[in-house]
There are 2 protein chains.
Amino acid sequence: MKILILGGGGMIGQKLIRHLVQNPNLSGEKISEVTLVDAFIEPAIPQGAPFPIHSQVVDITDAHTCQSLVSTKPEIIFHLAAIVSGEAESDFDKGYRVNLDGTRDLFESIRALSGYCPRLVYTSTAAVYGGPYPEDVDDDFILQPTTSYGIQKAIGELLLNDYSRRGFLDGVGLRLPTICVRPGKPNAAASGVFSNIIREPLVGIETTLAVSKDVSMVFASPRSAVGFLVHAAQLDTAQLGTRRSMMMPGVHATIGDEIEALRRVAGEKVVSYIKEVPIHSFAQQMVDAWNFPAFPATRARSLGFTCESSFDELIHLHIESEFDGKIPGQTL
Amino acid sequence: MKILILGGGGMIGQKLIRHLVQNPNLSGEKISEVTLVDAFIEPAIPQGAPFPIHSQVVDITDAHTCQSLVSTKPEIIFHLAAIVSGEAESDFDKGYRVNLDGTRDLFESIRALSGYCPRLVYTSTAAVYGGPYPEDVDDDFILQPTTSYGIQKAIGELLLNDYSRRGFLDGVGLRLPTICVRPGKPNAAASGVFSNIIREPLVGIETTLAVSKDVSMVFASPRSAVGFLVHAAQLDTAQLGTRRSMMMPGVHATIGDEIEALRRVAGEKVVSYIKEVPIHSFAQQMVDAWNFPAFPATRARSLGFTCESSFDELIHLHIESEFDGKIPGQTL
């Protein structure tokens, strides 16, 4: 079984390949080969894989590139590549070129190969939603994104439905919660703030909070994100009908809730590294565009997608995976 | 005030220009000039207009064409041009080229002109919806189209939202019910059957019915369709927020209901021209993809969009406008 991971150099792509190296079977079939591609960085190849891993820097907005990537007919494609929310908002053309045209190039390259219908796992986002919200935001709630990133991802979902219905590919779209705690450096995602205020204090680095503490979000750990992807790759898609995308489960919390969880898990000293500064209007506008309600994600849960049950758990997971259970910021 | 009508050669485009000739003001401003363009046919120019009317055959999938069309900065653009449902289903590439790329070309051409933000009235369709439906299908119900046409129109709605939010244009999207009774010849719209079974019998021509009588639809007259467009052109869009499209009001009826209305309005002899034939699988698949519930269209109604209240009224309107109140099929 050949696998192609677009966006394989990103945080989730890297966690995914490390998971596959440890668990080299999908749907009971052995993985024979994985290709990791990324527009920004040559994806790192983890050690000790029981299958060959190829790594390349490519530009999916070049149609020939997509044709070449799918020419070996990988059975599973994870399409994680995207221009993130903040950058798609500040660079209108780039967002559409990568998030819309790039996705379409990929789908068209697949369609051009006759007798080929790969499982395509597409990472959408909770940002396909936009308020005002009713009390219950169920799986039938309309997608009216209020960022260009959300619009581009919602369009990708529609294309995924149509190409799946037509039999060109076998799509599963995952509306990901904000991944938290996101390890590594901040990226251009406007949602970065939700991780920054946990990750940096935990290592004793001051971090500024320039948005309102009332903003609410839906979160899942990096581990859950990988779990969603792997589950989607193996899902019986006959259960999905023509609706290929769904909101993934997540933990609902405001920034204020996050800080309280951090206080419970890591103590006052760690929390003191968060410095509230005057509200930054662009950042606030981006997070206001979401300000998500608690999505019950009934459909995803009933299909076996699972996540954490509290924000405290998300912080504990980060402490375990990044610092082996010790909190550097407590002892500085 | 300059107006541009894309799809000006179509049935609705022609009804719209005739309406504007009779009512040459919008939002209290005099119309100074109208340009009608169409990909298929040079749009007919009605007599006696108090303003100049230009008519051209153009291809909106050519980016230069769109740039040239908007170069005079028309204040109002009606974008009615589309590959209809049946053709978009049978010709995948053509549907995407015109309905998606053509719309994007138009929006991009507008965006390229600085200081320009025209009112753009976009005709979407009830086909952006797809079942399964809950009991109440309100304005918050998700768009999950089950035809390529519906997917393309839903994508156009998302683009309309984003380009409006960004201030590139001032969009209003109208999810049109099936226009009925549609005068003239059948077109490639799969929804043609809903008009055919009324229009042809009224003039004493046999028509075949190759889909199930249980299929239900939402209908509005051509007169209402023009009313929607003209109202949208003059609407205070501050009321719309970031959600620029909405379901228009319509009359809910099954094909069986249509036939009963025809019997009431025109009598048994006229109904006898409908010949039930074995179900045609492609046609049935298309109408099954809709099989619409009664959309309350609460938002549109509250914004002043109005339509007929019964299917009988739709037939009466057709008889008045096409035959001056007499029914040819009754006296053959």
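P222(A) touches M11(A), I12(A), K15(A), I179(A) and P183(A), with residues up to four places away in sequence left out; contact requires C-beta atoms, placed from the backbone, to lie within 7 Å. The residue lies in helix α7 of chain A, where helices are DSSP runs (H or I) of at least four residues and strands are DSSP runs (E) of at least two, numbered from the N terminus. P222(A) counts as buried because it has 22 C-beta neighbours inside 10 Å; the class requires 20 or more other C-beta atoms within 10 Å, against 12 or fewer for exposed and values in between for partly exposed. From P222(A) to A289(A) the separation is 67 residues in sequence and 23 Å in space, C-alpha to C-alpha.

This is a predicted model, in which local features need pLDDT of at least 70 and side-chain atom pairs count only at pLDDT 80 or more, while totals for chains, interfaces and linings use all residues. Residues are numbered from 1 along each chain as its sequence is written, and chains are lettered from A and ligands numbered from 1 in the order in which they are written.

| Domain of chain A | Residues |
|---|---|
| Domain 1 | 2-177 + 220-247 |
| Domain 2 | 192-217 + 251-292 + 308-330 |

The C-alpha centres of domain 1 and domain 2 of chain A are 27 Å apart. Their contact takes 14 residues from domain 1 and nine residues from domain 2. On the domain 1 side, the elements giving two or more residues are α3 (85-90) and α7 (222-234) of chain A. The most come from α3(A), with three residues.

An open sheet of seven strands in chain A has the order β5-β4-β1-β6-β7-β8-β12, with parallel pairing; a pair requires at least two DSSP bridges. β5 (53-57) and β12 (245-247) of chain A stand at the edges, each with a single partner strand, so one side of each has no neighbour in the sheet. Within the sheet, β1 (residues 2-6) and β6 (residues 76-79) of chain A run parallel and are joined by four bridges. In this pairing I5(A) stands opposite F78(A) in β6(A).

Chain B superposes on chain A by a rotation of 180 degrees with 0.0 Å of shift along its axis (RMSD 0.0 Å), fitted by least squares on C-alpha atoms of residues with pLDDT of at least 70 in both copies. That is the relation of a two-fold axis. In chain B, the C-alpha nearest the axis belongs to I142(B), 1.8 Å from it. The copies meet through the same surface, because 100% of the interface residues of chain B are also interface residues in chain A.

Technical notes:
Domains from an automatic or database assignment. Contact = placed C-beta atoms within 7 Å.
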